[in-house]
Amino acid sequence: MCAFMLSVKFPVNYIINEQRHCGCGGYKLKPKISSVQSTENEKWKRDSVFIDKRGKFREFNHKKVSRKKGGSLRGQGWKYGSGFVDGIFPVLSPIAQEILNFVQKEFNSTSRVWSSLDNLPPTNTNWDDLISIAVRLRLNKKWDPIIVLCEWILKRSSFKPDVICYNLLIEAYGHKLRIKKAESTYLELIEAQCIPTQDTYALLVKAYCKCGLVNRAESVFTKMRANGFSPNTTVYNAYIDGLYKGRESQQALAIFERMKRENCEPTAETYTMVINIYGKENKSYMALDVFREMKNRKCRPNICTYTALMNAFARDGLCEKAEEIFEEMQEAGHEPDVYAYNALMEAYSRAGFPYAAAEIFSLMKQMVCEPDTASYNILLDAYGRAGLHQGAQAVFDEMKRLGIEPTMKSHMLLISAYSRIGNVLKCEEIVDQMKSSNLKPDTFVHNAMLNLYGRLGRFEEMEKVLAAIEKPDISTYNILINVYGRSGFVDKMEEVFESIISKKNLRPDVMTWTSRIGAYSRKKQFKRCTEIFEDMIDSGCYPDGGTAKVLLSACSNEDQIEQVTHIVRTMHRSDTTED
């Protein structure tokens with residue numbers, strides 16, 4: 001139970017707009033006071049103005065920027081993880097803006113783009129413009145235009161290619177899953193006697209991880225040492241991030257431990273990723289241990305770290321803990337942003353306090369922090385989880401009134417809200433509205449309908465929805481296993497399970513195994529439950545609290561209860577030892 005209960009009257013409009021007293025921990029929120037200074041009489045310098053991470057125009061001392069004579073960015077390399085050299089995003093010149101627009105429009109015609117770029121004189125100014133264009137494309141994740149532009153620089157232009165071009169190209173090819181091209185670009189870099197940087201190796205590692213080639217990613221470390229490099233934090237962070245996004249969480253944690261053993265000091269970014277990993281695995285207690293270790297090592301948490309920890313507590317529904325971290329974040333001097341507010345809202349939502357989530361939503365607006373689409377979706381979900389479908393509908397309608405286009409997830413959450421009260425007609429109406437708006441229902445929406453029909457025993461409609469799913473995910477199969485298991489169709493359930501095993505791109509997760517055990521648990525088939533549990537462990541899938549509950553429900557006598565209790569205690573000890 002959360003330590004507080006907000007006393008808020010049920011409003012007609014479920015989105016709380018007026019100021020209310022918040023008794024949820026006495027937040028020490030202070031509005032940010034911004035002073036606008038006139039710069040009309042100041043001389044505007046092209047390389048003295050840049051866009052910061054928040055998209056605001058700022059100025060800097062251009063004399064302190066690490067550039068060679070003539071303003072060239074040659075030899076500076078690519079600063080991995082940032083937008084630009086020294087973290088500065090220069091404003092494009094009019095000519096650069098024209099080139100950017102042209103490349104973005106015509107990138108499908110490589111010959112046309114290259115022919116036009118051939119007319120550019122090889123000056124330092126044009127070089128800076130080209131790199132600035134590539135940076136803008138990178139920020140917008142326009143990988144195809146980057147490839148066209150950088151390939152022209154490397155293969156056809158009069159510019160002498162340097163490491164920044166190669167790094168950009170390796171990264172772009174990695175994102176496009178063109179690993180052979182990424183590898184050949186690295187080899188071209190070596191052949192051109194251009195010295196690779198730590199960032200070069202980091203991007204290569206991430207490209208391998210993105211393509212699922214973990215063994216080759218590991219070989220990069222050997223390659224680095226052979227070239228006289230010791231992997232630094234940038235490379236390790238790229239490796240951990242690549243493994244994490246490739247759903248190789250355990251391996252990512254192992255690399256984190258190896259990083260520390262090799263005396264490579266983790267950064268705030270490293271710790272934030274590890275906290276995210278534990279959070280996604282519903283191990284908020286381990287996320288908190290990592291946070292404490294971080295502070296003990298004198299590594300200062302940033303706002304992303306605090307938000308990651310709040311998200312970890314949110315997934316476990318621990319709103320008190322999330323609130324404590326929210327306050328600690330402010331005491332450390334960090335002004336909450338939309339992501340921090342969203343994490344706190346999510347914590348209250350999952351803990352079953354929709355009005356507390358609405359209170360934070362109202363507070364966010366009072367603090368002049370504009371809610372984003374995710375904020376509305378969290379609030380919509382908070383009402384839906386609590387069975388308040390009218391509240392969920394009000395949030396959905398408010399989004400449309402404000403001109404915020406409801407996303408696929410918005411529709412899915414609204415369907416889930418009506419699904420909880422078994423309102424099939426309303427759910428079908430929402431799906432029809434999506435189709436009429438040319439919004440094709442995705443797997444998540446289909447899964448919501450699949451679950452609804454399954455719970456109501458309408459198997460014919462459920463089969464039709466299943467046939468309409470183009471790319472079923474593991475959640476799709478988990479719903480089927482749960483539905484068939486609860487209905488007593490064990491043979492059908494086992495068919496679904498075998499179909500998962502036969503697919504190369506899917507692997508049973510803890511929910512799959514637990515639902516399967518639950519089917520036999522209802523029949524008190526204790527021996528069969530323990531057999532499946534052993535198969536689960538052998539497959540490398542670690543059980544959770546839900547698994548322990550279904551095993552206990554399968555017990556018919558004291559001996560079986562004692563046996564399961566011993567298993568659960570062993571699970572807990574091994575978890576503590578391993579982590």
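1. Basis. This is a predicted model: local features need pLDDT of at least 70, side-chain atom pairs count only at pLDDT 80 or more, and totals for chains, interfaces and linings use all residues. Residues are numbered from 1 along each chain as its sequence is written, and side-chain values use heavy atoms, with hydrogens and water left out.

2. Whole chain. The protein chain has 28 helices and 2 strands (DSSP runs: H or I of at least four residues for helices, E of at least two for strands, numbered from the N terminus). Of its 579 residues, 50% count as buried (under 20% relative accessible area, 1.4 Å probe, protein chains only). Take contacts (heavy atoms within 4.5 Å) between residues at least 6 apart in sequence: 62% join residues at least 24 apart.

3. Helix α25, length. The helix covers residues 510-521. At 1.5 Å a residue, its 12 residues should span 16 Å (1.5 Å times one less than the number of residues). Its end C-alpha atoms are 16 Å apart, which agrees.

4. 10 of the 12 residues of α25 are buried, so the helix is largely enclosed by the rest of the structure. Among the buried ones are Trp513, Arg516 and Tyr520. Their cover includes α23 (474-487), α24 (490-501), α26 (526-538) and α27 (545-553).

5. Helix α25, start. Asp509 caps the N-terminal end. One of its side-chain oxygens lies 3.1 Å from the backbone nitrogen of Met511.

6. Leu117. This residue sits in helix α2 (residues 110-117). Leu117 is buried, at 3% relative accessible area. Leaving aside neighbours within four places in sequence, Leu117 contacts Ile99, Leu149 and Trp152. Leu117 and Leu149 are 32 residues apart in sequence and 8.7 Å apart in space, C-alpha to C-alpha.

Terms used:
A polar contact is a pair of N or O atoms within 3.5 Å; within protein, one must be able to donate a hydrogen and the other to accept it, and residues adjacent in sequence count only if both atoms are side-chain atoms.
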